[in-house]
Amino acid sequence: MKTIVRKTIVALIIPIILILAWFYATTRGNIPDGILPSISKVWQAFLEMVESGQLQGDLLVSLSRVVKGYLCSIVFGVVLGALIGMSRTMKELLFPLITVIRQIPIIAWIPLIILWAGIGEESKVVIIVMAAFFPILVNTENGISQTPESYREVAKLYKLSQWKTFTKVYLPHAIPQILVGLKLGLGTSWMAVVAAELIAATSGIGYRMSDARSLMRADVVIVCMLVIGLIGIVMDKLLGSLFSLFTPWKK
Amino acid sequence: MSKEKDYIIKVEHLNKHFISGGNDIEVLRDINLQIKHGEFVTIVGHSGCGKSTLLKIMCGLVSYEDGVVERNGHAVDGPGPRCGMVFQEHRLLPWLKIKDNVGFGLKGLPKEQREALVKEHLELVGLKGFENSYPHQLSGGMSQRAAIARGLANNPTILLLDEPFGALDALTRIQMQKEITRIQREQGTTMVMVTHDIDEAIVLGDRIVVMSARPGQIKDIITVETRGQGHMRNSDEFTYYKKKIYGYLFEDAQEEQYEVEYMI
Ligand SMILES: Nc1ncnc2c1ncn2[C@@H]1O[C@H](COP(=O)(O)OP(=O)(O)OP(=O)(O)O)[C@@H](O)[C@H]1O
Ligand SMILES: [Mg+2]
């Protein structure tokens, strides 16, 4: 218990210094609101956005995009990852290409995706799928292909069918690793939706930020940033807490 | 040639090499061994001499290039349902409960029958009440016993055991030795057991296969005349067999030592 208290205190030192510096800079200093608004201004902007329902609306739009894209990428990522993990030929065929494509940052895909899919809903979902697909695929592949030979031999000994071998040996072995992929994928889809909305959108939390920027509303920009960070952490923790349900054999 | 049918396993002139990291390792050299129905054969030999490999070849998990390996008169080309194997490591699947591990090889049976078989075999190895535990909740010896239960559950005609009692304490070990003898008598299961315990090899074996260090060759096959007579462990005969086996293995140990010195 003591270590937790200590850790929390230590972890808070720098944030508190930053907040104090922010406070000091905006009360004593002479910084225009358009650059760095005071803490109270930001708080006020937050309250206004909540009261008008704008913040919730923006988040709902962004989150529903994430859900759509994320679910698609889970399906594609796990299925393809499992296929590549099970079959040497599939791996030799696809993995080099995947490795190359992965090097292109998701942001760099956005222009092309917009050219192809427009600036509507589809392009956002495609961008999210692109972002979450690779971590899920790569981790699934890893978990499947690293199933120890000793367990595969047991399946071979009892002449399990391909499918049974997959569901009873490969898949359970891969689950912890797949969950890691799902966690990474969720993080990247959240980042991707914000990026996509910043660049081309008429709704969502990212759009709100770029809109606020053009209105010189740094307070709104900061509120959005903080909320994005917070939601990211909450999603990560929520997903993490579900993990033990999928791996009952671990203590 | 009518005698051919008596053999459940026939190995003739078997050689086995592994290619590992570009090196060609000769593991087994000219193995000849016939195992009769209902027999209990034990195998002893130095670590790395190819005992596990030999068992895996017999059950079809490892391929072979040269020689003849037959099970029930047919060349072995893969695992068969009536040939069971208990691996050197227990190899229980960590994500399956003990009951599902034990029932792992039971296919196409109605649920009740499957459960009954699992229960019966868990009781047999003294693991009643652990049906719903996961492997990590069991001790090493208990895991090994669960693995034995899995090997026996689908009623094999031949069971290959690779140091199955290696993780057991002396007491449980003797209990399990009795148990396996009983099972073998009652069910007539043919058993081939690799062990590093020479006493165990003598107590359990109708015949003892003594192997040389790598490349594994059969040095001798000793027939134990008085097997199963209870007083075995302190009889003169027992001591005689023990000395004989130690003699064979000690020869190797000296050679090995020499080899090591040479390498340094
Ligand atoms: N799949 C494999 N690939 C390459 N080499 C292997 C493989 N399996 C076994 N070997 C090698 O074959 C030799 C014999 O291995 P094996 O496991 O059969 O020995 P063992 O007699 O069972 O030894 P131990 O008593 O220590 O279990 C060893 O030198 C090992 O390194
Ligand atoms: Mg071995």
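Trainee: Is B:Lys56 buried or exposed?

Mentor: Start with the cut-off: buried means under 20% relative accessible area. B:Lys56 has 17% relative accessibility, so the residue counts as buried. Keep in mind that this is a predicted model.

Trainee: How many salt bridges run between chain A and chain B?

Mentor: Two. Over all chains, the whole structure has 23.

Trainee: How do I read the contact between the chains? How many residues does each chain give?

Mentor: Chain A gives 18 residues and chain B gives 21. Then look at the area. About 2000 Å² is buried between the two chains, and carbon and sulfur atoms give 67% of that. On the chain A side, A:Leu157, A:Tyr158 and A:Trp249 lose the most area to chain B, together 37% of what that side buries.

Trainee: How many residue pairs are in polar contact there, and which element of chain A gives the most residues?

Mentor: Eight residue pairs are in polar contact between chain A and chain B. Helix α7 of chain A gives the most to the side that touches chain B, with seven residues. That side of chain A divides into ten nonpolar, two polar and six charged residues.

Trainee: Now chain B. Which residue pairs with B:Glu89 in a salt bridge?

Mentor: B:Arg91, at 2.6 Å from N to O. B:Glu89 is partly exposed, at 39% relative accessibility. B:Arg91 is buried, at 8%.

Trainee: What does the pair of B:Lys242 and B:Asp199 tie together?

Mentor: Their side chains meet at 2.8 Å, N to O. B:Lys242 is in helix α7 of chain B and B:Asp199 in helix α6 of chain B, so the pair ties together parts 43 residues apart in sequence. B:Lys242 is partly exposed, at 24%. Salt bridges can also share partners: A:Glu153, B:Lys56, B:Glu89 and B:Arg91 are joined into one network that way.

Trainee: Last, the metal. Which residues coordinate the magnesium ion?

Mentor: Look for the donor atoms. Here they are OG of B:Ser52 and OE1 of B:Gln88, at 1.9 to 2.2 Å from the magnesium ion (ligand 2). B:Ser52 sits in helix α1 of chain B, and B:Gln88 in the loop between β6 and α2, 36 residues apart. B:Gln88 is partly exposed, at 33% relative accessible area.

Methods:
Residues numbered from 1 in each chain as written. Chains lettered and ligands numbered in written order. Predicted model: local features only at pLDDT ≥ 70, side-chain atom pairs only at ≥ 80, totals over all residues. Heavy atoms only, no water. Donors = N, O, S within 2.8 Å, 3.2 Å for Na, K, Ca; no water. Helix = DSSP H or I, 4+ residues; strand = E, 2+ residues; numbered from the N terminus. Buried < 20%, exposed > 50% of the residue type's maximum accessible area, 1.4 Å probe, protein only. Contact = heavy atoms within 4.5 Å. Buried area = accessible area lost by both parts, 1.4 Å probe. Salt bridge = Lys/Arg side-chain N within 4 Å of Asp/Glu carboxyl O. Polar contact = N/O pair within 3.5 Å; in protein donor to acceptor, adjacent residues only side chain to side chain. Nonpolar A, V, L, I, M, F, W, Y, C, P; charged D, E, K, R; others polar.
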